[in-house]
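Keep the viewer open while you read.

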Amino acid sequence: MEKLHSLYYFLELAGCFAFAISGAVAARQRGLDLFGIAALAFTVACGGGIIRDLCIGAIPPAGLKNWQFLAVSMFATGLTVGLYPIVQRLKRPVLFFDNVGLALFAVTGAQKALAYGHNGEVAILLGITTAVGGGVLRDVLLNRVPIILEKEIYASAALIAAVIVVLGDYSNWMSSELTSLVALVTCFTLRTLALRYHWNLPSPSLK
Amino acid sequence: MEKLHSLYYFLELAGCFAFAISGAVAARQRGLDLFGIAALAFTVACGGGIIRDLCIGAIPPAGLKNWQFLAVSMFATGLTVGLYPIVQRLKRPVLFFDNVGLALFAVTGAQKALAYGHNGEVAILLGITTAVGGGVLRDVLLNRVPIILEKEIYASAALIAAVIVVLGDYSNWMSSELTSLVALVTCFTLRTLALRYHWNLPSPSLK
Amino acid sequence: MEKLHSLYYFLELAGCFAFAISGAVAARQRGLDLFGIAALAFTVACGGGIIRDLCIGAIPPAGLKNWQFLAVSMFATGLTVGLYPIVQRLKRPVLFFDNVGLALFAVTGAQKALAYGHNGEVAILLGITTAVGGGVLRDVLLNRVPIILEKEIYASAALIAAVIVVLGDYSNWMSSELTSLVALVTCFTLRTLALRYHWNLPSPSLK
């Protein structure tokens with residue numbers, strides 16, 4: 001069990017790193033300055049979790065309190081600013097870890113809401129928020145319609161992961177560890193397949 | 001009294017429905033996918049109330065906890081996606097319920113802040129926030145200047161309703177029920193007349 | 001000491017006024033109506049502090065509770081609407097007080113986070129948030145990329161002020177009053193020099 005938790009912790013930081021890279025790269029492409037790049041990296045990595053913590057009453061939000069998130073964001077900023085060729089070559093691993101991050105943030109977000117004693121609906125809504133909130137803030141700050149609202153199965157994969165966590169918690173069919181593993185793998189697989197085969201949710205306006 | 005509360009409850013859900021429709025329709029017109037439409041509907045219906053609850057310490061926010069709001073938002077999404085012709089024909093009732101929602105959210109928002117023991121200023125500011133917060137978030141997410149800041153008497157009607165609630169609470173001239181009725185009717189009437197006769201607040205830059 | 005506190009209080013309201021003017025002027029230039037101008041003025045003056053208070057658990061946020069902030073914002077709105085020529089002639093003092101406000105908000109933001117028992121990282125991040133949050137919200141509402149992320153040494157000056165406050169608190173080298181004075185002067189001087197000599201942070205994308 002101890003090992004599983006260490007693994008989760010490593011994966012969470014890796015997901016955080018992937019999110020931070022996505023923020024830093026987008027900021028660099030828009031011509032923001034050094035501070036702007038760092039701020040965007042941190043916002044994408046921690047924004048969703050901070051909103052979740054405000055909503056469940058976890059004060060101060062973990063993203064502001066734990067130096068690891070800030071350190072990972074600054075590392076991503078440094079890479080994006082100083083070693084952009086490397087970041088460009090990291091494109092595939094970054095996509096991989098972005099999917100890992102999405103799955104993990106959805107699962108841990110829902111679990112944290114449950115752990116604070118809130119009901120399943122809160123857990124599902126905040127699981128999604130944790131997973132996609134940072135990306136939405138990034139797009140709002142960069143003045144564009146959040147990409148996750150427009151295309152690709154992204155937030156929907158987070159939704160499914162959060163639902164699995166909540167169902168597992170209610171039904172007690174599986175141990176909490178097994179549930180979160182199933183949720184993680186489902187979300188990650190769905191998202192990876194969606195990327196590979198260009199699965200989209202229907203966009204009714206195009207009918 | 002019991003009946004009045006049931007009536008309020010029905011009206012609140014009706015207002016919530018009108019707000020959700022406005023979010024879903026705007027999202028559909030911008031070409032968002034299914035998830036995006038549902039997310040916008042929910043955001044407009046519950047966003048203002050969630051911000052209010054964070055500010056008064058009502059954790060978790062009611063919009064995340066009570067399934068009715070989510071259900072109404074999903075119903076509005078379903079209608080907008082599946083039966084768009086009906087939604088278009090609903091234009092007049094939707095405007096009607098949007099005005100009802102505005103009035104009700106301003107009144108209940110201010111009342112909830114007072115009930116949590118905060119002062120009149122907090123109640124007025126959060127009454128407005130409850131009423132217009134969702135619409136502001138919708139416009140920010142859709143990448144446009146919030147329409148309520150640009151034209152028509154909308155937020156100002158909410159302001160007046162919230163002020164009436166607070167004055168009533170301080171003065172004890174009328175029962176709380178009567179005060180909220182006066183506030184509701186004032187806000188609703190003002191908004192309806194403003195729509196009909198194209199009343200706008202002055203826009204100083206056009207002088 | 002008493003006098004120093006009165007001075008700080010005066011300066012805080014002056015900074016608040018400068019921030020409100022910047023919001024009101026930007027709103028007027030974008031053609032918002034009276035309510036929109038007042039809302040923007042208040043948002044720039046109080047937005048950063050409200051986010052900080054939500055994150056440290058100061059409920060309700062001071063910006064909503066203390067009438068002085070609202071009064072100063074409404075005064076700035078009145079000036080911008082009724083006496084625009086005066087506001088234009090105030091350009092220099094407004095820039096001056098904007099720099100004062102930046103420095104003061106960074107210092108008092110970090111101090112308030114420490115006073116609520118949070119760690120240095122929280123204090124630094126929320127010191128910056130207090131100082132620049134209002135301006136970021138202004139730009140998001142007016143549908144443009146936040147200017148502070150793009151150019152000029154602005155948020156970085158706030159960062160340095162917040163770091164000085166936290167270092168002073170940890171090291172006990174100086175009294176808290178002296179520390180905040182040093183932080184204030186450093187931030188204000190840095191920002192004023194940056195404005196005068198057009199210092200910018202490097203913008204990596206332009207390499």
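## Fold of chain A

In this predicted model, chain A has nine helices and zero strands. Read from the N terminus, the elements go α-α-α-α-α-α-α-α-α. The radius of gyration of chain A is 17 Å, close to the 17 Å that the globule rule gives for 207 residues, so chain A is as compact as a globular protein of that length.

If you're setting up a box, the C-alpha atoms of chain A fill roughly 50 × 45 × 30 Å along the principal axes. As for contacts in chain A with a separation of 6 or more, 75% of them are between residues 24 or more positions apart.

## Burial, surface and charge

How much of chain A is buried? Of its 207 residues, 57% are buried. Chain A exposes about 8900 Å², and 67% of that comes from carbon and sulfur atoms.

On the charge side, chain A carries 15 positive and 11 negative side chains. The centres of those two sets sit 10 Å apart.

## How chains B and C relate

Two copies of a chain are related by a rotation about an axis and a shift along it.

The copies use different surfaces, with 11% of the contact residues of chain C recurring in chain B.

T80(C) belongs to helix α4 of chain C, which covers residues 67–82. Is T80(C) buried or exposed? T80(C) is buried, with a relative accessible area of 0%.

Leaving out residues up to four places away in sequence, T80(C) touches I21(C), A24(C), V25(C), R28(C) and V87(C).

Check your omegas: a cis peptide bond joins I59(A) and P60(A), with omega about -5 degrees. The peptide bond from I59(B) to P60(B) is cis too, with omega near -10 degrees. P60(A) is in the loop between α2 (34–56) and α3 (62–65) of chain A, and P60(B) is in the loop between α2 (34–56) and α3 (62–65) of chain B.

Then there's phi. N143(A) has a positive value near 65 degrees without being a glycine, and N143(B) likewise has a positive phi of about 65 degrees. N143(A) is found between α7 (120–141) and α8 (155–171), in a loop of chain A. For chain B, N143(B) lies in the loop between α7 (120–141) and α8 (155–171).

Definitions and conventions. Residues are numbered from 1 along each chain as its sequence is written. Chains are lettered from A and ligands numbered from 1 in the order in which they are written. This is a predicted model: local features need pLDDT of at least 70, side-chain atom pairs count only at pLDDT 80 or more; totals for chains, interfaces and linings use all residues. Side-chain values use heavy atoms; hydrogens and water are left out. Helices (H or I, at least four residues) and strands (E, at least two) are DSSP runs, numbered from the N terminus. The radius of gyration is taken over C-alpha atoms; the globule rule is 2.2 Å times the number of residues to the power 0.38. Buried means under 20% relative accessible area, exposed over 50%, partly exposed in between (1.4 Å probe, protein chains only). Contact means heavy atoms within 4.5 Å. Accessible areas come from the Shrake-Rupley method with a 1.4 Å probe; for residues, only the protein chains shown count as cover. Lys and Arg count as positive and Asp and Glu as negative; His and the chain ends are not counted. The place of a charge is taken as NZ of Lys, CZ of Arg, CG of Asp or CD of Glu.
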